[in-house]
Structures are given as structure tokens and as C-alpha cells.
Amino acid sequence: MFTKNRPALIRYASTITRDIGLAEDIVQDAWARFIAAATIQTIHEPDRLLFRIVRNLALDARRRRAFESRLFAQDETDAAQRIASDMPSAQASSEAADELSHVMDAVSRLPERTRQAFLLNRVEGLTLVEVGMRLGLSKSLVHELVVSALEHCRKARRQGGPRR
């Protein structure tokens with residue numbers, strides 16, 4: 001009976017679940033339940049009972065899948081909302097803008113050669129040798145100029161404002 005009805009049972013379950021793999025699992029489960037029922041009682045309409053078991057299991061599976069889909073979709077939405085933003089807070093942005101303003105003011109007050117060496121090295125990313133070649137200075141002098149500029153900027157940051 002199972003072998004004869006199996007293709008029809010799978011088609012029936014797959015129309016309900018819209019998933020052929022799940023339908024095959026349901027038919028197997030239905031057969032196991034049918035056998036268990038047949039061992040305890042006499043079944044007068046076995047085909048009808050088997051189709052009823054498949055229908056009930058397929059409907060349960062469809063409901064469970066819909067519930068899980070809603071549940072996990074909600075969890076993903078909630079999780080996405082709980083993830084901290086990479087954006088700094090308004091206060092942090094304001095403080096950073098103030099700090100940058102103080103540092104840029106400090107840089108603008110550096111002597112020309114020191115400012116150029118500093119900007120070429122720290123902003124444009126040139127090595128000390130490349131800065132030296134561009135400005136016609138030795139590597140060691142460029143190093144001294146950059147260190148001097150960094151110290152000047154650190155003092156300006158600590159003071160929280162332009163140095164007068």
C-alpha cells in the first residue's frame with residue numbers, strides 16, 4: 001500500500017508545503033505513524049487514513065515554517081537595531097571637530113619649513129627621506145622638524161585652544 005501511494009502522497013504533501021524534500025520527509029513520518037496506529041487498532045480505510053495523516057503533518061509543517069519565518073525575521077530586525085552604530089555621537093563629533101580646529105590652528109602657526117615637513121610626512125604620507133628630497137633637507141633635519149611639529153600640536157591639544 002505504501003509503495004503504491006507514495007508518489008501521490010508526496011505530490012499531495014508538496015502542494016501543501018511547497019517543498020518536495022519536506023514532503024518526502026512528511027510521507028516517511030506519516031507512514032511510521034500509520035504503522036504505529038495499525039498495530040493498536042484495525043484500520044478500515046487505510047488509504048484515507050494515510051492521506052489524512054500526510055495532510056495534517058504537511059499543514060503543521062507549513063504553519064511551523066511560517067511561524068519560524070516570522071520569528072527569525074523579527075529577530076534579525078531586532079538584532080540589526082541593537083547593533084551599535086559606527087557613527088560617533090553628536091557630542092563626540094563636536095569634540096573631535098573642536099580638537100581638529102585647535103590642531104589645525106597650531107599647524108598654521110608653525111614656521112613654514114616645519115609645517116611643510118609635517119604635512120608632507122603626516123598628511124601626505126611621505127617618508128622622511130622623501131620629504132627631505134622634496135624640501136632639500138637631510139633626513140635627520142626632517143625628523144627634527146616633524147617631531148617639533150608633533151610636540152607643538154600635542155601642546156595645543158592639551159591646552160584646548162590656540163596658543164597665544
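## Contacts and salt bridges in a predicted model

Leaving out residues up to four places away in sequence, Ile 10 touches Ile 20, Ala 23, Glu 24 and Val 27, where contact means heavy atoms within 4.5 Å. This is a predicted model, in which local features need pLDDT of at least 70 and side-chain atom pairs count only at pLDDT 80 or more, while totals for chains, interfaces and linings use all residues. Residues are numbered from 1 along each chain as its sequence is written, and side-chain values use heavy atoms, with hydrogens and water left out.

Ile 10 is found in helix α1 (residues 2-17). Helices (H or I, at least four residues) are DSSP runs numbered from the N terminus. Is Ile 10 buried or exposed? Ile 10 counts as buried because its relative accessibility is 8%; buried means under 20% relative accessible area, exposed over 50%, and partly exposed in between (1.4 Å probe, protein chains only). Ile 10 and Ala 23 are 13 residues apart along the chain, and their C-alpha atoms are separated by 5.5 Å.

The next topic is charged pairs. A search of the whole structure finds 11 salt bridges, a salt bridge being a side-chain nitrogen of Lys or Arg within 4 Å of a carboxyl oxygen of Asp or Glu. Three of them are listed here.

| Salt bridge | N to O distance |
|---|---|
| Glu 99 and Arg 157 | 2.6 Å |
| Arg 154 and Glu 151 | 3.9 Å |
| Arg 158 and Glu 151 | 3.5 Å |

The side chains of Glu 99 and Arg 157 meet in a salt bridge. This pair links distant parts of the chain, 58 residues apart, with Glu 99 in helix α4 (residues 90-108) and Arg 157 in helix α7 (residues 139-159). Glu 99 is partly exposed, at a relative accessible area of 34%. The side chains of Arg 157 and Glu 99 are also joined by a polar contact of 2.6 Å. A polar contact is a pair of N or O atoms within 3.5 Å; within protein, one must be able to donate a hydrogen and the other to accept it, and residues adjacent in sequence count only if both atoms are side-chain atoms.

Which residues does Arg 157 contact, leaving aside its neighbours within four places in sequence? They are Glu 99 and Val 103. Arg 157 and Ala 106 are 51 residues apart in sequence, and their C-alpha atoms are 8.8 Å apart in space.

Arg 154 and Glu 151 are separated by about one helical turn, because they are three residues apart in helix α7. Arg 154 is partly exposed at 42% relative accessibility, and Glu 151 is partly exposed at 31%. Arg 158 counts as exposed, at 59%. Salt bridges that share partners join Glu 151, Arg 154 and Arg 158 into one network.

Helix α7 also packs against helix α5 (residues 112-123), at an angle of about 90° and with the axes 8 Å apart. Axes are lines fitted to C-alpha atoms, for helices over the stretch in contact, and angles run from 0 to 180 degrees between N-to-C directions. The angle makes α5 roughly perpendicular to α7, a term for angles of 65 to 115 degrees. Among the residues making this contact are Phe 118 of α5 and Leu 145 of α7.

How values were computed: Helices (H or I, at least four residues) and strands (E, at least two) are DSSP runs, numbered from the N terminus. Angles under 35 degrees count as roughly parallel, over 145 as roughly antiparallel, 65 to 115 as roughly perpendicular and the rest as oblique.
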